[in-house]
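Have the model open beside you as you read.

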Protein chains: 2
Amino acid sequence: MNPTSTPARPTLQIALTPGTIDLAWGHPAAEFLPVAAMQRASTAALQRYGAAALTYGHPAGPGPLLDWLCQRIGQREGRTPGLHEIMITGGNSLGLDQLLTLCTVPGDIVLVESPTYHLAVRILRDHPLTLVPVPADGDGLQVEALAETLAELRREGKRARLLYTVPTFHNPTGISLSAARRQTLIALAEREGLLIVEDDVYRELAYDGPPPPSLWSQAPLGVVARLGSFSKSLAPGVRLGWLTASPSIIRRLTDGGLLDSGGGINHFTALIVTLLCESGDYDAGVAQFCNTYRARRDALLGGLAQALPPTCSWYRPSGGFFTWVILPTGMNSRALLPQAEAAGVSFIPGPKFYLEPRGENTLRLAFSYYPPASLAEAGQILGNVIRNFGR
Amino acid sequence: MNPTSTPARPTLQIALTPGTIDLAWGHPAAEFLPVAAMQRASTAALQRYGAAALTYGHPAGPGPLLDWLCQRIGQREGRTPGLHEIMITGGNSLGLDQLLTLCTVPGDIVLVESPTYHLAVRILRDHPLTLVPVPADGDGLQVEALAETLAELRREGKRARLLYTVPTFHNPTGISLSAARRQTLIALAEREGLLIVEDDVYRELAYDGPPPPSLWSQAPLGVVARLGSFSKSLAPGVRLGWLTASPSIIRRLTDGGLLDSGGGINHFTALIVTLLCESGDYDAGVAQFCNTYRARRDALLGGLAQALPPTCSWYRPSGGFFTWVILPTGMNSRALLPQAEAAGVSFIPGPKFYLEPRGENTLRLAFSYYPPASLAEAGQILGNVIRNFGR
């Protein structure tokens, strides 16, 4: 809508204001997106598969990519998906959308940790479901509170169908669910017949050693549907991910009308990504992303540590794209935003990530997009704005 | 499930039985899929866009592809979509799925011409909607019957939300809605506030002169949402199409959670297809497909004319992938199928395409996949099987 900088029909989603370090966008480091590797893989995929790359793909996704994923998941997570326990998705957003369309009925209750990924909430709200928030703290989802919510629902004669959660390198907070809570959560979900939808999009971006084990890898079959993605570890533009779940859930999706009619989601791109993964370029890219984002995290956290007053605190994420700042009680991040933007930094105020009216004194910062110097500068600017706020 | 011919995890959707000419599959001519053109376009797109081809795309799809489509639609259809009257979809199946998710509420009544594309019915049934069939004949949807259905619903205090129809080169029958009925349908839908979802997937494959005008191009704004696709005119594996509709419908989809979270559907592939379209390879490919499929249609219809008994009839399609055979009354196409398969030809029995139990003496034949000699042979085999049926 800005006639000087935006064409009538843009090509990209991101829209930046010149002169602003905009930490609202959880977008990848553009300079490290694998242009050359995708060039090689495109050429190789069309050479290897020819017309087979361009016709209707198998509804579960191409076998070679599923085979590669199974091997990698087995090596990294100690559990290999069975033959009918994995499928390719069109990214986690579309995977979630399809799970909701095909595995819920109108009026179903869906539990959502709060705060949570705000755009997943938008996908959930596009379906005729009833959302119920469950609080989270510095150790992730409060499993005790979840148990109470489930008990209360049962007293009302209701039952929750599924739980949406981001247990690893959480969006927006960056924290991971503690090991103890993971075990309690899995046991509770199994006992209650609750399907856990585990949004595992940041697993590959781990900066301080291996990520925590996925809920999927530790749970009995059927308790967890885990959404994995190439969006953060390769490139969001490929719109490609995978789902590991019970054969009955995988079958519900692969036998649904959408894939029966159109064949595999993103078949052409899936074959290109197959070649890229098989070549070793994927692993090399993940390593480079981890080094890049680790340095960016450290630059932002370093800036915050230097500049923010001692009344502020923030989480130190071991992976993913985000950190979460807690302002002094009474300081409102929505009121802070225009002053921060006037000073050259933007962010998303915390209340955006809660289902209920909460989080007034919190905000989310993404450290993925900008180089370290900009992130350190953003920390300084934010510190100044906070120190001067309300004066 | 066939251990001798199918790997545990296949790559393609199609599964053929050796020795059978399988006219059940509405799949493209593999030998004319544009492998070399896609190779050129992939290289060019990554050169032109670099990292911008790999990050989050604009929710409506990339501007250059929308611009190209608008120009082409304007030239061919005499109506150019306005700035917010078009968006890129992930193919017609996903476009339909998203329309249903975002533009209906549970319990909405959806009218469906019968017979119709059986897999669209599966997508419709994956949503909490009530389907009501409206009969079609050799001139397409019976608009008088539609008016009666709408009146009857109104007497019951109900209202239909939308109509799903394939008015041009219909699947399964191959016929096109007559010009007179198009006008009556548009006027009726406008009067009744009925949204027409026009599945226009075969428009580019016209073999006897230009296709009939789309309902979208002739209707007032807001009456028709038209689903167009690259699946038949370029390659189904790209999973790419477009939607022309009112700004309010386009906005509902582009502002929905799915695209807000993931950005444009198939952004990377959409940029490759942009380059392919701009290069002229798209138009050249469409011309080649039309020549190919015209010859295949003529071969199949020639075979049927030579071999089928005079008690049989069939439609002569002017475009698309299919013809529709009407057997003598009392002859059951489901009973015919095993005998045809034993003789080396397969097809889909007509009842599969009806919502109500009808069409026992009909069947669908696809002429898209096989070369002319095989199609002529299939006609001969089918004629023999029909002549000997029940003897």
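This is a predicted model: local features need pLDDT of at least 70, side-chain atom pairs count only at pLDDT 80 or more; totals for chains, interfaces and linings use all residues.

Helix α5 of chain B covers residues 143-155, which is 13 residues. From first C-alpha to last, α5(B) reaches 18 Å, close to the 18 Å expected at 1.5 Å a residue. Which of its residues are buried, and which are exposed? The table sorts them.

| Group in α5(B) | Residues |
|---|---|
| Buried | B:Val143, B:Ala145, B:Leu146, B:Thr149, B:Leu150, B:Leu153 |
| Exposed, on the other side | B:Glu144, B:Glu148, B:Arg155 |

Viewed down the axis of α5(B), the buried residues fall within an arc of 150°, so they line one face of the helix. In general, an α-helix has 3.6 residues a turn, so residues three or four places apart point the same way. The cover over the buried residues of α5(B) includes strands β3 (109-114), β4 (130-137), β5 (140-141) and β6 (160-165), along with helix α6 (179-192), of chain B. After α5(B) comes B:Gly157, with a positive phi near 75°.

**A pair across two chains**

Now to helix α1 (residues 35-49) of chain A and helix α1 (residues 35-49) of chain B: their axes come within 10 Å and cross at roughly 180°. That crossing makes α1(A) roughly antiparallel to α1(B). Residues making the contact include A:Val35, A:Met38 and A:Leu46 of α1(A), and B:Val35, B:Met38 and B:Leu46 of α1(B). By class, the contact has six nonpolar, eight polar and no charged residues.

How values were computed. Residues are numbered from 1 along each chain as its sequence is written. Chains are lettered from A and ligands numbered from 1 in the order in which they are written. Side-chain values use heavy atoms; hydrogens and water are left out. Helices (H or I, at least four residues) and strands (E, at least two) are DSSP runs, numbered from the N terminus. The expected span of a helix is 1.5 Å times one less than its number of residues. Buried means under 20% relative accessible area, exposed over 50%, partly exposed in between (1.4 Å probe, protein chains only). The arc is that of the directions from the helix axis to the C-beta atoms. Contact means heavy atoms within 4.5 Å. Axes are lines fitted to C-alpha atoms, for helices over the stretch in contact, and angles run from 0 to 180 degrees between N-to-C directions. Angles under 35 degrees count as roughly parallel, over 145 as roughly antiparallel, 65 to 115 as roughly perpendicular and the rest as oblique. Ala, Val, Leu, Ile, Met, Phe, Trp, Tyr, Cys and Pro count as nonpolar, Asp, Glu, Lys and Arg as charged, and the others, Gly among them, as polar.
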